[in-house]
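Please look over the sequence and the structure first.

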Amino acid sequence: MNKKRIIGWLTDLGIMILGGVIWAVSINVFTLPNKIAAGGLSGLGTVFYYAFHVPVGVTIILFNIPIFIFAWKLLGREWFAKSLIAMLVTSVIIDVTAFLPEYTGDNMLAAVFGGVTAGIGLGLIYMRGIATGGVDLIARMIKKYAAVPSYGTIIILLDLVVIAISGIVFRDFAVMLYAIIVVYITGLINDKLLNGLDRAKLVYVISDSYEQIGKEIENRLQRGVTLLEGKGNYTGKKEQVIMVVVRPYEFFRLKAIIRQVDSKAFVIVGDISEVLGNGFRSEE
């Protein structure tokens with residue numbers, strides 16, 4: 001492993017720890033003490049904490065084990081390793097910081113600040129192109145192998161299932177409403193951190209391995225790829241140029257995919273201020 005990759009891994013680890021601490025504040029200070037199960041495996045961990053006295057981090061790890069096993073081929077080696085480490089690091093931090101002071105005042109304030117801190121903590125990790133397991137991986141697997149609605153829709157449906165379970169277990173309709181507020185704010189913060197104002201990256205890739213790179217992008221990023229015909233002015237050689245548009249946080253994974261297939265690929269990257277269409281924003 002070269003120096004640049006080592007620095008990249010250490011940076012990722014530092015962001016995992018920082019994001020994990022902020023996310024732990026969201027759970028241990030705001031949502032868990034108020035029985036707000038804000039979707040995902042952390043929400044399920046809240047339910048298990050009160051029903052079976054199992055720490056939230058432990059629940060996240062136990063439920064993630066089979067998810068990561070099934071998602072092995074979908075993720076690719078490096079992203080799988082980083083996402084697995086991120087899941088373990090953040091889960092341990094959540095349980096280790098259980099001593100943090102609990103806020104049990106106004107539930108609305110708990111929901112708002114729980115959503116903001118969760119959004120910032122997870123957003124920092126996502127900005128490095130890393131997942132933390134849970135519904136994110138489940139949604140990717142469902143989207144890949146089944147004819148279902150959009151990826152975002154799957155995430156929402158899975159979160160709603162967890163929220164509904166919490167309402168049944170706690171026998172409290174109000175906690176479901178607060179959980180929905182947390183999920184909404186978390187998603188809003190994530191979106192602002194990751195996407196800015198509809199910003200994206202336009203990437204052109206020139207490589208003899210264009211077919212394999214295109215397939216890897218479609219399978220692992222679930223982004224559409226367009227092939228453009230090109231011709232070298234000096235060599236006269238015809239080339240197939242890959243054109244793909246990705247979110248800023250996906251660009252880290254895209255670079256890794258390209259380098260894994262062809263380390264000598266020629267890559268051109270440009271910033272886009274707005275993208276309309278499938279997988280991005282729709283114009284009403």
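## H9 against H10

H9 and H10 cross in a right-handed manner. This is a predicted model. Helix H9 spans residues 210-221 and packs against H10 at an angle of about 145°. The two axes lie 10 Å apart.

On the H9 side, the contact uses Gln 212, Ile 213, Glu 216, Ile 217, Arg 220 and Leu 221. H10 answers with Glu 250, Arg 253, Leu 254, Ile 257, Ile 258, Gln 260 and Val 261. By class, the residues of this contact are seven nonpolar, two polar and four charged.

## H1 against H4

H1 and H4 also form a packed pair, at an angle of about 35°. Their axes are 8 Å apart. The crossing of H1 and H4 is right-handed.

Residues of H1 in the contact include Trp 9, Leu 13, Met 16, Ile 17, Val 21, Trp 23 and Ile 27. Gly 20 and Asn 28 of H1 take part as well, and so do Arg 5 and Asp 12. From H4 come, among them, Glu 78, Lys 82, Ile 85, Val 89, Thr 90 and Ile 93. The contact of H1 with H4 divides into 14 nonpolar, three polar and four charged residues.

## The second largest pocket

Which helices each supply at least two residues of the lining of the second largest pocket? They are H1 (3-31), H4 (77-96) and H10 (248-261). H10 gives the most, with seven residues.

The volume of this pocket is about 660 Å³. The lining holds 10 charged, seven nonpolar and four polar residues. Glu 78 and Lys 82 of H4 also belong to the contact of H1 with H4.

## Lys 201

Lys 201 sits in strand E1, residues 200-206. What does the side chain of Lys 201 make a polar contact with? The partner is the side chain of Asp 271, at 2.6 Å.

Conventions
Residues numbered from 1 in each chain as written. Predicted model: local features only at pLDDT ≥ 70, side-chain atom pairs only at ≥ 80, totals over all residues. Heavy atoms only, no water. 1 Å grid on protein atoms, 1.4 Å probe; cavity = no way out; pocket = protein on both sides within 12 Å on 5 of 7 lines; lining within 4 Å. Points joined across faces, edges and corners; volume = space filled by probe spheres on them. Helix = DSSP H or I, 4+ residues; strand = E, 2+ residues; numbered from the N terminus. Nonpolar A, V, L, I, M, F, W, Y, C, P; charged D, E, K, R; others polar. Axes fitted to C-alpha atoms, helices over the stretch in contact; angles between N-to-C directions. Left-handed = near helix turned anticlockwise from the far one by under 90°. Contact = heavy atoms within 4.5 Å. Polar contact = N/O pair within 3.5 Å; in protein donor to acceptor, adjacent residues only side chain to side chain.
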